[in-house]
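Reader: I've got this one open in my viewer and would like a guided tour. Let's go question by question.

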Amino acid sequence: MDEEATSHDKKRIFYSTLMNDNLLDCIVSKVRVVQIAPSVNLKSKSISPCDFYYDMKYSVDYSAFCATVNDIGNVSPSSCNKAVHMNGNKANSEEISIHRPYKSKLALLDIYSGCGGMSTGLCLGAKVSGVDLVTKWAVDIDKSACESLKLNHPETQIRNESAEDFLNLLKEWDKLCKRYVVSDGLIFAMVIPMKRGSVGSNFRCVGWDMVQMRIQWEPIEELSKCEGHIRDIVLKGFKAKILPRPGDADVICGGPPCQGISGYNRYRNVDSPLDDERNHQIVVFMDVVNFLKPKYVLMENVADILRFAKGSLGRYALSRLVHMNYQARLGIMASGCYGLPQFRLRVFLWGAHPHENLPQFPLPTHDVVLKYGAPSEFERSVVAYDEGQTRDLEKTLVLNDAISDLPPVTNHEIRYKMSYKKPPETEFQKFIRATKSDMMGSASTDTTGADKSVLYDHRPLPLSEDDYLRVCRIPQKKGANFRDLPGIVIGDDNVVRRDPMLEPILMPSGKSWVPDYALNFGGGKSTRPFARLWWDETVATVLCRPDPHSQAILHPEQDRVLTVRECARLQGFPDYYEFCGDVKERYCQIGNAVAVPVARALGYALGMAAQKLSGDEPLMTLPSKLLPFHYYSVVTICI
Ligand SMILES: C[S@@+](CC[C@H](N)C(=O)[O-])C[C@H]1O[C@@H](n2cnc3c(N)ncnc32)[C@H](O)[C@@H]1O
C-alpha cells in the first residue's frame with residue numbers, strides 16, 4: 001500500500017474550490033502550476049516545464065476526482081477521440097485506439113460475478129436509459145454461482161476460475177492474438193504458464209470447447225502436432241471475442257471479496273490489510289482494470305472497507321483509479337432507498353476514463369428506516385438528500401410488500417417448483433413477478449424456457465430437530481425471539497440469564513430450550529437469536545446463511561427461516577431468476593449479491609453518462625420510469 005502511495009507522481013496535484021480564509025503574512029515561494037488535459041497515459045515527462053500540474057479537480061463530497069476538461073479544452077462528446085493539446089500534453093495514439101467512439105451497445109465484464117446480481121441490475125437500468133449494456137464476460141471461482149449466471153444469462157462467456165488466473169489468461173491471450181491475428185503469421189511458440197493445474201507443468205492452448213465455452217489446455221510435451229490449427233483457434237476466438245483484450249470491455253464491474261476485514265475476525269491484519277491474502281482481491285481487480293482499460297469501472301464492497309484500518313482498503317481502491325488517471329467517485333448507498341424492504345448499506349466506487357462523463361450516484365427513490373450509520377470519516381459520501389432539500393419519496397417498503405403473496409410452506413418443504421396459488425397483492429409483488437422480456441422491455445429475451453406461472457425455490461433451509469422445536473415455541477407476534485422460551489429471566493440491565501428459581505427445563509433431546517450461545521450473544525442483551533421478522537419491518541441485511549442463532553430470519557407466521565425465494569425477493573431478484581447448487585449455495589449467492597434494484601439505479605446513471613446526458617454534479621434524480629410501478633402497463637402477471 002505504501003508502495004502504491006509513493007508511486008503517484010509527486011508533481012501531480014488536484015484542483016479544489018475549498019477556500020482557506022486564514023491570511024498569509026508572507027509568501028514562502030512561488031510555484032508554477034499548469035493545467036493539462038486529462039489522459040490515461042499522463043506522464044509528467046511530456047508536460048511543459050512546471051513545478052506542479054493538475055488535470056482533475058478534487059471534492060471531499062463523494063471523494064470525487066473529476067476531469068477538468070470543460071474548464072480547459074472544452075472537450076465535447078464528439079471530440080472525445082481527438083488528441084487534446086494543452087500545455088504540451090497530447091493524448092497519444094495508443095490511448096486513442098483503445099478509446100473508441102460511443103456505441104449504443106456496451107460490453108460488460110463482471111469479475112467476482114457471483115450469480116450476477118450486480119450485472120443483471122446494471123443491464124436492466126442501462127436499458128431504461130437507452131443503452132444496451134450486455135454482460136459479455138464473467139468470472140467467479142464458485143462453480144454453482146457460475147452455473148446460476150449461465151442459466152440466467154446464456155449469452156455470457158463465463159469462466160469458473162480465480163480472478164488471478166483469469167488475468168494471466170487475458171495477458172497470454174492478448175499475446176496470442178497479437179501473434180496470430182494482429183501480426184498474423186509467426187510460428188506457434190507460445191507457452192502459457194498457469195498458476196493452477198498440475199504442479200510445475202506448463203500448458204498450451206489447444207482448442208476451444210464449444211460446449212463448455214472454454215479454452216482447452218494440454219501439457220506442453222503432448223503439443224508437438226497441433227501447430228497447424230492453433231492459428232484457426234485463435235482467429236475463431238478473436239472473432240467471437242471469447243476473452244476481452246485491452247479496449248474490448250467498455251465496463252468492468254465487480255465486488256472483490258474482503259473476508260479479512262470482518263468485524264467478527266479477531267485475527268484481522270489492521271496494520272497491513274493488503275498483506276492479508278483475503279483482502280488481496282482488490283489489488284487483482286484493479287490490475288484487471290489496468291490491463292483492460294475500460295471506459296467505466298464500478299466496484300462494490302461492504303461499508304467496512306471504509307471503517308477497517310482507517311478505511312485504508314477503500315482509500316487504496318480510490319488511489320489505484322486516480323493513479324491510472326481515471327476519474328473516481330465514491331458513494332455509500334442503502335439498498336432500501338431503491339425500493340426494497342431491506343436496509344443493506346454498501347459502498348460503490350465509480351471510475352471513468354478521463355474523456356468520459358463520470359457517472360453520478362442516483363438519489364433515493366424510497367424512504368427507508370435507518371438502521372445504522374455510515375463510517376464517520378466518509379459521512380459526506382452517503383448518497384442522500386441534503387437536510388431541508390425537497391424530496392418526493394415513495395413510502396418505506398416492508399416485509400409484507402415483498403412476500404405476503406407467497407403460499408405457506410413448512411420447514412420440511414423440498415419442492416423446487418410450485419404454483420403461486422394467488423395473484424400479487426402489492427406493487428412490489430406485481431413487479432417482481434414480471435417476465436424477463438417485460439423487465440428488459442423487449443418482445444422476448446427469454447431463452448431459459450422457464451414457465452413463468454411457476455414459483456421456484458420457495459423452500460427453506462431446514463432447521464435441526466431441536467431448533468425446529470424451539471422455533472415452534474416462538475410466538476407468532478411482533479418482536480418475538482428466544483426470550484419467549486422457558487427457563488430464563490431478564491434483569492434490569494436487559495441481560496438475559498437462566499432463571500435460578502426454576503429447575504432446568506429441558507427439551508426431549510435433553511438440551512436446554514435456551515442454548516448458551518443465545519444467552520451469550522451480544523453480551524446477553526441481543527434480541528436477535530430466534531427472532532421473528534414482522535410484516536411491518538424492513539429487514540437489516542440478507543446474509544449468506546439463514547442462521548436463526550444470530551439474525552432475525554424467522555418467518556412471521558410460519559415455523560421456519562425465510563425461503564430461498566423470499567431472500568431472493570428481499571434482494572430484488574425477479575421471480576424468473578433461478579439459482580443452481582444445493583440450497584445452502586443458493587442462499588449464499590443471494591446473500592453475496594448486490595441488490596438488483598440498486599444496481600439497476602446505478603445502471604441507469606451509467607447509461608446516462610455513456611450518452612453524455614449526465615451533469616457534473618455528484619447526484620442525479622432518477623426518472624419515474626425507473627420506478628417499478630411504471631412497468632405495470634406492460635407486465636404480464638403470473639398466477
Ligand atoms: C460479494 S460476491 C460478488 C457478488 C456479485 N457481485 C453479485 O452481485 O451477485 C464475491 C464473489 O467473489 C467470488 N470469489 C472469491 N474469491 C475469488 C477469486 N479469487 N477469484 C474469483 N472469484 C472469487 C466468490 O465466489 C463470490 O461469488
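This is a predicted model: local features need pLDDT of at least 70, side-chain atom pairs count only at pLDDT 80 or more; totals for chains, interfaces and linings use all residues.

Reader: Is Q360 buried or exposed?

Author: Look in the loop between β13 (345-352) and β14 (361-362), where you'll find Q360; helices (H or I, at least four residues) and strands (E, at least two) are DSSP runs, numbered from the N terminus. Leaving out residues up to four places away in sequence, Q360 touches R329, W350, A605, S614, G615, E617, P618, L619 and M620, where a contact means heavy atoms within 4.5 Å. Buried is under 20% relative accessible area, exposed over 50%, partly exposed in between (1.4 Å probe, protein chains only). Because its relative accessible area is 3%, Q360 counts as buried.

Reader: And K310, buried or exposed?

Author: K310 sits in the loop between β11 (296-302) and α9 (312-323). Its C-alpha atom is 8.5 Å from that of E377, 67 residues apart along the chain. With a relative accessibility of 66%, K310 counts as exposed.

Reader: What relative accessibility does F521 have?

Author: F521 is in the loop between α14 (516-520) and α15. Not counting residues up to four places away in sequence, F521 touches S526, R528, P529, H549 and S550. F521 and V496, 25 residues apart in sequence, have C-alpha atoms 9.8 Å apart. F521 counts as partly exposed because its relative accessibility is 22%.

Reader: How many salt bridges does the structure hold?

Author: A salt bridge here is a side-chain nitrogen of Lys or Arg within 4 Å of a carboxyl oxygen of Asp or Glu. One of them pairs E161 with R159, at 2.6 Å from N to O, and both E161 and R159 are buried. The count for the structure is 34.

Reader: How many residues apart are R569 and D405?

Author: R569 and D405 form a salt bridge, with their closest N and O atoms 2.6 Å apart. R569 is in helix α15 (residues 564-570) and D405 in the loop between α10 (399-403) and β15 (417-419), so the pair links distant parts of the chain, with a separation of 164 residues.

Reader: What relative accessible area does R569 have?

Author: R569 also forms a salt bridge with D575, the closest N and O atoms again 2.6 Å apart, and both R569 and D575 are buried. Salt bridges that share partners join D405, R433, R569 and D575 into one network. D405 counts as buried because its relative accessible area is 0%. R569 counts as buried because its own relative accessible area is 0%.

Reader: How many residues surround the ligand?

Author: A residue is near a molecule or strand if one of its heavy atoms lies within 4 Å of it. The closest to the ligand are G117, M118, D140, A163 and V594, and α4 (117-129) and α6 (163-182) each supply at least two residues of the shell. By class, the shell has eight nonpolar (Ala, Val, Leu, Ile, Met, Phe, Trp, Tyr, Cys and Pro), eight polar (the others, Gly among them) and four charged residues (Asp, Glu, Lys and Arg). The number surrounding the ligand is 20.

Reader: What share of the protein chain's residues counts as buried?

Author: The protein chain has 17 helices and 19 strands. Among its contacts with a separation of 6 or more, 70% are between residues 24 or more positions apart. Of its 639 residues, the buried share is 55%.

Key
Residues are numbered from 1 along each chain as its sequence is written. Side-chain values use heavy atoms; hydrogens and water are left out.
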